[in-house]
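Me: Could you take me through the labels used for this model? I'd like to see how each value is set against its definition.

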Amino acid sequence: HLGTFGKWAAIIANLIILYGLLIAYLTGGTTIISELAGLPSYLEKYVMLALFLIITGLTVMGLHIIRRCNALMIILMWVSFVIIVVIAECQGCKCDH
């Protein structure tokens, strides 16, 4: 056991890592949404706020809604993966000719 100091050091380290992940996902998601929607850069902060509120709302609503949305998110992830593969394949076809 690491004792009280070790426990608090682990908690602080976890909080720093989770904060970094939160910022990374929010900024990445904001950039993707803004680029896909063709929004100007000054609206990105509002997109980030909306994304944060949606994710926080889903989390606050409880595990039941998250479990129901999880299947939808996995389906969307696979659909987006297939779209990316198709786009990459089409780009490869254009480069060959």
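**Pockets, burial and overall shape**

Me: Which residues line the second largest pocket?

Reply: The lining is made of Leu51, Ile54, Ile55, Leu58, Thr59, Ile66, Cys69, Asn70, Leu72 and Met73. Helices H2 and H3 (63-96) are the elements that give two or more residues to this lining. One thing to keep in mind from the start: this is a predicted model, where local features need pLDDT of at least 70, side-chain atom pairs count only at pLDDT 80 or more, and totals for chains, interfaces and linings use all residues. Residues are numbered from 1 along each chain as its sequence is written, and side-chain values use heavy atoms, with hydrogens and water left out.

Me: What makes a space a pocket, and a residue part of its lining?

Reply: The search runs on a 1 Å grid over the protein atoms alone, with points where a 1.4 Å probe fits. A pocket is an open set of such points with protein on both sides within 12 Å along at least five of seven lines, and a lining residue has an atom within 4 Å of a point. Leu51 is therefore a lining residue of the second largest pocket, having an atom within that distance of one of its points.

Me: How do you know that the second largest pocket holds about 330 Å³?

Reply: Grid points are joined across faces, edges and corners, and the volume is the space filled by probe spheres set on them. Worked out that way, the second largest pocket comes to about 330 Å³, and the largest to about 400 Å³.

Me: Which residues line the largest pocket, and which element gives the most to that lining?

Reply: Leu21, Leu22, Tyr25, Leu26, Gly29, Ile32, Ile33, Leu36, Leu51, Phe52, Ile55 and Thr56 line the largest pocket. Helix H1 gives the most, with 8 residues, and both H1 and H2 (44-61) supply at least two.

Me: Why is the lining of the largest pocket counted as 10 nonpolar and 2 polar residues?

Reply: Ala, Val, Leu, Ile, Met, Phe, Trp, Tyr, Cys and Pro count as nonpolar, Asp, Glu, Lys and Arg as charged, and the others, Gly among them, as polar. Sorted by that rule, the largest pocket's lining has 10 nonpolar, 2 polar and no charged residues. The second largest pocket's lining has 8 nonpolar, 2 polar and no charged residues.

Me: Is Ser34 called buried or exposed, and why?

Reply: Buried means under 20% relative accessible area, exposed means over 50%, and partly exposed is in between (1.4 Å probe, protein chains only). Ser34 has 1%, so Ser34 is buried. Ser34 sits in helix H1 (residues 3-37).

Me: What does Ser34 contact beyond its neighbours within four places in sequence?

Reply: Contact means heavy atoms within 4.5 Å. By that test, Ser34 is in contact with Leu39, Glu44 and Val47. Thr30, also placed in helix H1, touches Glu44, Val47, Met48 and Leu51, leaving out residues up to four places away in sequence. At 2% relative accessible area, Thr30 is buried too.

Me: Why do Tyr25 and Leu21 get the labels they do?

Reply: Tyr25, in helix H1, has a relative accessible area of 62%, so the exposed label applies. Leu21, in helix H1 as well, has 41%, which falls between the two limits, so Leu21 is partly exposed.

Me: What about Met73 and Met61?

Reply: Met73, in helix H3, is exposed because its relative accessible area is 53%. Met61, in helix H2, is exposed because its value is 59%.

Me: How do you know how many helices and strands there are?

Reply: Helices (H or I, at least four residues) and strands (E, at least two) are DSSP runs, numbered from the N terminus. The protein has 3 helices and 0 strands, giving the order α-α-α.
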